[in-house]
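The entries follow in the order I made them.

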Amino acid sequence: MGDGRQKRRREYWCVALRFFLLLCFGEQVSAQIRYSIPEEVKVGSVVGNVAKDLGVDITTLTDRQFRIVSGSNDDLFKVNQHNGVLYVHENIDREALCDGNGACLINLKMVLENPLEVHYVGVEISDVNDNVPTFVEKEKKLEIYESTPPRKRFQLPAALDPDVGINTVRSYQITHNEHFEMQMIEMGDDKTPFLVLQKPLDREKQPEHSFILTAFDGGSPVRSGTLNITITVLDSNDNPPIFNQDMYSVTLPENVEVGSVVVKVKATDLDEGVNGEVEYSFGSELDHKVYDVFNLDKATGIIRMKGQVNFEDVDVYKLDIHATDKGQPPMSTDCRILIRILDLNDNKPEIEVTSLSNMLSEDSKPGTVVSLISVSDKDSGINGKVVCTLSGDVPFELKPSYQDHMFSLVTKQKLDRELVSYYDITITATDCGQPPLSSFKTLSVQISDVNDNRPEFSQNPLELYMLENNAPGASIFSVSASDKDTNENAAISYHIVRRERKPNDMASFLNVNSDNGHISALKSFDFETLKTFQFQVVATDSGTPSLSNNVTVNVFILDQNDNAPVILYPVSANGSAEGVEEIPRNVNAGHLVTKVRAYDADIGYNGWLLFSLHEVSDHSLFSLDRYTGQIRTLRSFTETDEAEHKLIILVKDNGNVSLSATATVIINAVEPKEAFAASDVESSLRDEEDNTVTFYLIITLGSVSTLFLVSIIVLIVMQCSKTPDYSSKYLQDTNYDGTLCHSIQYRSGDKRYMLVGPRMSIGSTIVPGSNGNTLVVPDHRRRASGEVRAVF
C-alpha cells in the first residue's frame with residue numbers, strides 16, 4: 001500500500017513538471033479569441049462562450065479543469081466550467097485599468113488539462129462617459145491692467161476628463177460678459193481655452209469682473225464642470241486730479257489771527273495708489289507778497305494765515321493753486337482762490353441813561369415817560385449806525401427823539417401790579433456792522449399799588465348747617481375774603497348787614513369779628529321755632545376810596561332731640577296721662593280696647609315714637625302695637641280673670657339720647673249690660689275729650705303747615721336767586737298720624753329724598769307719581785358729605 005502511494009506521488013510530480021515545462025517553453029500560440037465589453041458593465045454579464053468559440057467539447061470542461069491561470073486581472077472575469085461561458089466577476093473601471101487614450105486590452109490565459117492546452121483570450125474594455133470634466137483649481141484669479149488693449153488673449157486652465165475619445169473634453173463656454181469672449185486654440189492634441197479682451201476696461205467704473213468657465217465633454221448625455229474666474233482690474237494713471245470747485249471765494253476780516261485756516265482746497269483723483277495721490281502748490285506767476293501772507297500745505301490743501309492782512313493795503317487776493325498726481329507720467333489741474341478782506345466792526349455801541357423813574361404807579365396812562373436814553377458808536381458808516389430794541393414782552397416801548405441816537409422809554413399799555421409788580425427792562429443797542437455788535441442795559445422799574453381790586457369771597461352764597469340749642473356767644477361760622485391789592489389796600493374788615501325796618505331779622509342776633517370774620521350767635525336757636533334764615537356779611541378793604549363786596553350766608557338749623565313725647569290721649573281731668581276704659585267681658589281676641597295717642601315736637605328719628613308696655617297686670621290678656629299705640633285683647637276673658645287691669649304705657653322717641661313719657665290705662669271688664677250703659681256716659685265724655693284733642697291737633701297741624709309753606713317759599717326763592725350750583729337744603733313738613741313723625745333723608749349721591757318711618761327701612765325710597773310720599777329734588781351740586789338730612 002505504501003508502494004502505491006509513492007507511485008501516485010511520482011506520477012503527480014511528473015505531470016506538474018510536464019505542465020511547468022509546457023508553460024515555460026510551449027507558449028507559442030497567440031490570442032485566439034478577442035471580445036469587447038464596455039466598462040462599468042454589470043457584474044455577472046456574459047463576455048462570450050469561450051469553449052464554443054475555441055471548439056472545445058463542453059462535456060469535458062470539468063474533467064479537464066478549464067480555468068484562467070495567469071495575469072493580475074483574472075479576478076475580473078470567471079469562466080463557467082459547465083458551459084464554458086466567460087462572465088464579469090468584478091466591477092470594471094477602464095480609467096483604473098488603463099492610462100491614456102489607446103485601446104484598453106486585457107489578456108487572459110486559459111488552460112485545459114489532459115491533454116494540456118493553453119489558449120489566450122483578449123477582452124477589450126471600451127470607454128463610457130462616466131466622468132465629468134474637472135478643473136485642478138476651484139477658482140482662477142487674473143489681474144489685468146485697465147490700459148490693456150483689446151484682442152489681448154489670456155490663457156485659462158484646461159479641464160481634465162479621464163474618459164477618452166468623444167467622452168473627453170470637447171468645448172468650453174463662459175457666462176455672458178461684455179468685456180471678454182471665449183476662444184479655443186489647439187495646442188498639439190489638446191484644445192486650450194483663452195480669454196480674449198473685446199472692450200477696454202475701466203477700473204474706476206468696475207474694478208472687478210467675475211464669471212464662470214464651463215467645460216463640456218462629448219458624451220451622451222453631456223457632462224460638464226465649472227471654474228469660477230475673477231479678474232481684478234489694475235489701475236493706470238488715466239485720470240487727472242479734479243478740484244471740487246473751479247473757484248473758491250473767501251472773505252476774511254482784517255484782524256484774522258496768524259495760523260487761522262483760510263480755506264481748504266480739495267482735488268480728487270479717481271485713480272488709486274500713487275496714481276491717485278495729489279500734491280498742491282502755488283502757481284508760479286503769483287506775487288511774492290502772497291508767500292509772506294499765506295501758507296499752503298502741499299499734502300492737505302489747507303491754506304493758513306502766515307502774516308497779517310490790512311484792508312487799507314490790499315482788499316483782494318487772487319491765488320492760483322496747482323494739483324498734481326504722482327503717476328507716470330503725472331497729470332495736473334488748476335483752480336483759483338479769491339480772498340476778500342473786510343473792514344472790521346470792532347466797536348460796540350454805548351448806552352447812557354439820562355433820567356429814570358424807578359417807581360411807577362399801576363394807574364399810569366399809556367405814553368408815560370419812564371426814562372430818557374442816548375446811544376453812540378465809535379465806528380463810522382454802516383458800522384456806526386445803531387438800532388435800539390427792548391428784550392422780552394414788556395408793556396413799554398422805545399420812541400426815537402428828534403435828535404439822532406436819542407430815545408424815550410414810555411409805557412405802551414395799562415399796567416396791572418397784581419399781574420406783574422416788578423419789571424427788569426433790558427435795552428439792546430445793536431449796530432449795523434457785519435457781524436453786528438451789541439450792548440445791553442437793564443433798567444429796574446417797580447410798580448406801585450392802587451386800590452383797584454375788591455375783596456373776593458371764594459364762594460357766594462355760603463351755607464351754614466348748625467344744631468339747635470347752640471351756646472349763646474360761641475362762634476358758629478367764619479367768613480374770609482381775599483384782596484389782590486397790597487398793604488392797606490388789602491386790609492379787610494367785616495360787618496353784618498342789619499335791616500332795622502325788617503321784623504324778625506336774625507342778623508340782629510349775630511355778631512362778626514371785624515378783623516378775622518368769625519361769626520358768633522348772641523342767642524340760642526330752636527329748630528321747632530326757626531328752621532332757616534339768611535344774612536349778609538360785607539368785606540371792606542382799607543384803601544382810598546375803599547372797595548367792598550358782600551356774601552350771603554344761608555343758615556339751616558338742624559334738629560336735636562330736645563323735646564320729650566307728649567301724651568294726647570288718655571288725658572284725665574286733672575291733666576295727668578291716665579284714663580279708664582270699660583269693655584264687655586264677652587269680647588273676642590283682637591278687640592280694640594283703646595289707642596294711646598302722642599306726638600313729639602322734634603322731627604325725623606328724634607320724633608319717631610315707639611310704644612311699649614312698661615307694666616301690665618296680665619301679659620296674656622292685652623297687647624300693644626309698638627307703632628300705633630293700639631291696645632287689643634289677646635284672648636277672651638275667663639271667669640278667673642280680674643275685673644280691673646292696669647297698663648302703664650312707655651312712649652319713647654328714637655333720638656341718640658331718647659326721651660320718654662308714660663301713660664296709665666285702667667281697663668275694667670264689666671258685664672255686657674253695664675258696658676252698654678257705661679258706654680253712653682263714656683261716649684259723651686269721650687266726645688268732649690276728642691273734640692278738645694281734635695282742636696289742639698288742628699291748631700298744631702295748622703301751625704306746622706304754615707311753617708312748612710313759609711319754608712318751601714323761602715327755599716324756592718333761594719333756589720331761583722342762586723347760580724346753577726346748588727347744594728342740598730333742609731325742607732320742613734309736619735305730617736302727624738296721631739303718633740308718628742316721618743323722617744326724610746336726602747342722599748346727594750342718589751339725588752333723591754328717602755322717607756323713613758315705621759315699618760320702612762332707611763333705604764326705602766318713593767318716586768313722585770307713585771303711591772308713596774317721596775320728594776325727588778334735582779341735585780346740581782354735590783356736597784362733600786355723603787348725606788344731608790332734612791326733617792319734615
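**Pocket.** I looked up which elements line the largest pocket. β39 (532–541) and α5 (672–721) each give at least two residues to that lining. I took helices (H or I, at least four residues) and strands (E, at least two) as DSSP runs, numbered from the N terminus. The model is predicted: local features need pLDDT of at least 70, side-chain atom pairs count only at pLDDT 80 or more, and totals for chains, interfaces and linings use all residues. Residues are numbered from 1 along each chain as its sequence is written, and side-chain values use heavy atoms, with hydrogens and water left out.

The lining of the largest pocket has 23 residues; Asn504, Met506, Leu530, Thr532 and Phe533 lie nearest the centre. I used a 1 Å grid over the protein atoms alone; a pocket is an open set of points where a 1.4 Å probe fits, with protein on both sides within 12 Å along at least five of seven lines, and lining residues have an atom within 4 Å of a point. The largest pocket holds about 700 Å³ of space. That volume is the space filled by probe spheres set on the points, which are joined across faces, edges and corners. By class, the lining has 10 nonpolar, seven polar and six charged residues. Here Ala, Val, Leu, Ile, Met, Phe, Trp, Tyr, Cys and Pro are nonpolar, Asp, Glu, Lys and Arg charged, and the others, Gly among them, polar.

**Whole chain.** I noted five helices and 52 strands in the protein chain. Of its 792 residues, 41% are buried (under 20% relative accessible area; exposed is over 50%, partly exposed in between; 1.4 Å probe, protein chains only). I then checked contacts (heavy atoms within 4.5 Å). Among those between residues at least 6 apart in sequence, 66% join residues at least 24 apart.

**Asn177.** I found Asn177 in the loop between β10 (169–174) and β11 (180–187). Is Asn177 buried or exposed? Asn177 is buried, at 14% relative accessible area. A polar atom of the Asn177 side chain sits 2.8 Å from the backbone nitrogen of His179. Setting aside residues up to four places away in sequence, Asn177 touches His209 and Phe211.

**Gly84.** Gly84 is in the loop between β4 (77–79) and β5 (85–88). Gly84 counts as buried because its relative accessibility is 0%. Gly84 and Asn49 are 35 residues apart in sequence, yet 5.5 Å apart in space, C-alpha to C-alpha. Beyond neighbours within four places, the contacts of Gly84 include Val50, Leu61 and Phe66.

**Backbone.** Most residues other than glycine have a negative phi, and most peptide bonds are trans. I listed the departures I found. Gln328 and Pro329 are joined by a cis peptide bond, omega about 0°. Pro329 lies in the loop between β22 (316–325) and β23 (332–342). The bond from Gln434 to Pro435 is also cis, with omega near 0°. Pro435 is in the loop between β30 (422–431) and β31 (438–448).

Glu40 is not a glycine, but its phi is positive, near 65°. I placed Glu40 in the loop between β1 (33–38) and β2 (46–49). Glu40 is partly exposed, at 35% relative accessible area. Asn469 has a positive phi of about 65°. Asn469 counts as partly exposed, at 37% relative accessibility.

Conventions: Polar contact = N/O pair within 3.5 Å; in protein donor to acceptor, adjacent residues only side chain to side chain.
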